[in-house]
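Thanks for asking me to look this one over. Have the model open beside you as you go through the points below.

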Amino acid sequence: MSLLKDTLLIFTDLDGTLLDIHTYDWQPASAWLEKLQDNQIPVILCSSKTAAETLEIQHDLGLAGLPFIAENGAVIQLDVRWDDHPNAPRLINGTPHSDIRQVVNQLRDKDGFKFTTFDDVDERVIGEWTGLNRDRAGLARLHEASVTLVWRDSDDRMKQFASQLMQLGFKFIQGARFWHILDVRGGKDQAVNWLIDEYRKREGVVPTTIGLGDGPNDAPLLDNVDYAVVVKGINRLGIQLQDDLPERVYHTSQPGPEGWREGLDHFLSGSRETT
């Protein structure tokens, strides 16, 4: 039986994976997006972006109403059909943004760590960093349960900073371009497993899952799906997975949406059998 005919869920990162890291174009992936929609297979966005950004991108991609994971798993948007769920429409995992921001600023004031958060700058600067237009840059500042920053200090100082955050119940994770701070209770792995379990309870079957990502912060996502696509990325450290067997993991030769298409071609084209 083909994976396309299974109860399949696709979890995908955005920047550098489904979206081109520089232009945000997704057109090379459009044929697969349309085919998945025709087969009623949910494509669940899973990124460091804010929920406000992700709602706009969902609309652009024709995925409105589906669940998504924002802020590296600190925020989960529920399926629009799940309005009976006690957490509808959105689940926040852990500490809110305002409290994390206060902790981060206190550490900077106390120990002199050098970094710039999205809260420190306006939409114009974020637009320069990201290439987003002013409206989308404004949405990128609307964090609900995390802080995004540009690190400007040494690697040794970064280790000190991460250690102090961990002692306070927060984790410091690297994305494709920025660093992110969120509650240890959040994460792409927790969010993915929460949504898989919700689909299991509502559909009555255990779904088959495919995940796609390009950055270190995607490892928790890719470690918690049945099949993983590591899209060629710009990060020099790459992605270190717990189980990198070729039967489960495919590494693309192309970056961005071309790699996204390549990965789905590998797992979904033809008559590939499930295991």
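**Notes on the fold and its parallel strands**

1. Contact here means heavy atoms within 4.5 Å.

2. A word on the basis for all this. The model is predicted, so local features need pLDDT of at least 70 and side-chain atom pairs count only at pLDDT 80 or more, while totals for chains, interfaces and linings use all residues. Residues are numbered from 1 along each chain as its sequence is written, and side-chain values use heavy atoms, with hydrogens and water left out.

3. Overall, the protein has nine helices and 12 strands (DSSP runs numbered from the N terminus: helices are H or I with at least four residues, strands E with at least two). Its radius of gyration is 18 Å, close to the 19 Å that the globule rule gives for 275 residues, so the protein is as compact as a globular protein of that length. That radius is taken over C-alpha atoms, and the rule is 2.2 Å times the number of residues to the power 0.38. Along the principal axes, the C-alpha trace spans about 60 × 45 × 35 Å.

4. Of the 275 residues, 53% are buried, meaning under 20% relative accessible area; exposed is over 50%, and partly exposed lies in between (1.4 Å probe, protein chains only). The protein exposes about 12,400 Å², and carbon and sulfur atoms supply 47% of that area (Shrake-Rupley method, 1.4 Å probe; for residues, only the protein chains shown count as cover).

5. Strand β10 (residues 208-213) has six of its six residues buried. Thr208, Ile210 and Leu212 point one way, and Thr209, Gly211 and Gly213 the other way. Strand β1 (residues 8-12) runs parallel to β10, joined by five bridges, and Phe11 has Gly211 as its bridge partner. Two strands pair if DSSP finds at least two bridges between them.

6. β10 also pairs with β11 in the parallel sense, over four bridges. Here Ile210 stands opposite Tyr227, and Gly213 has Val230 as its bridge partner. Strand β11 (residues 227-232) is mostly covered, with five of its six residues buried. Four bridges then join β11 to strand β12 (residues 249-255), again in parallel, with Ala228 opposite Val249.

7. Asp218, between β10 and α8 (219-222), counts as buried because its relative accessibility is 0%. Leaving aside neighbours within four places in sequence, Asp218 is in contact with Asp13, Lys188, Gly213 and Ile239. Gln242, in the loop between β11 and β12, counts as exposed because its relative accessibility is 74%. The C-alpha atoms of Gln242 and Pro220, 22 residues apart along the chain, are separated by 9.3 Å.

8. Finally, which residues does Pro257 touch, leaving aside its neighbours within four places in sequence? Pro257 lies in helix α9 (residues 256-268), and its contacts are Thr17, Leu18, Leu19, Asp20, Asp25, Trp26, Pro28 and Ala29. At 1% relative accessibility, Pro257 counts as buried. Its C-alpha atom is separated by 23 Å from that of Leu245, 12 residues apart along the chain.
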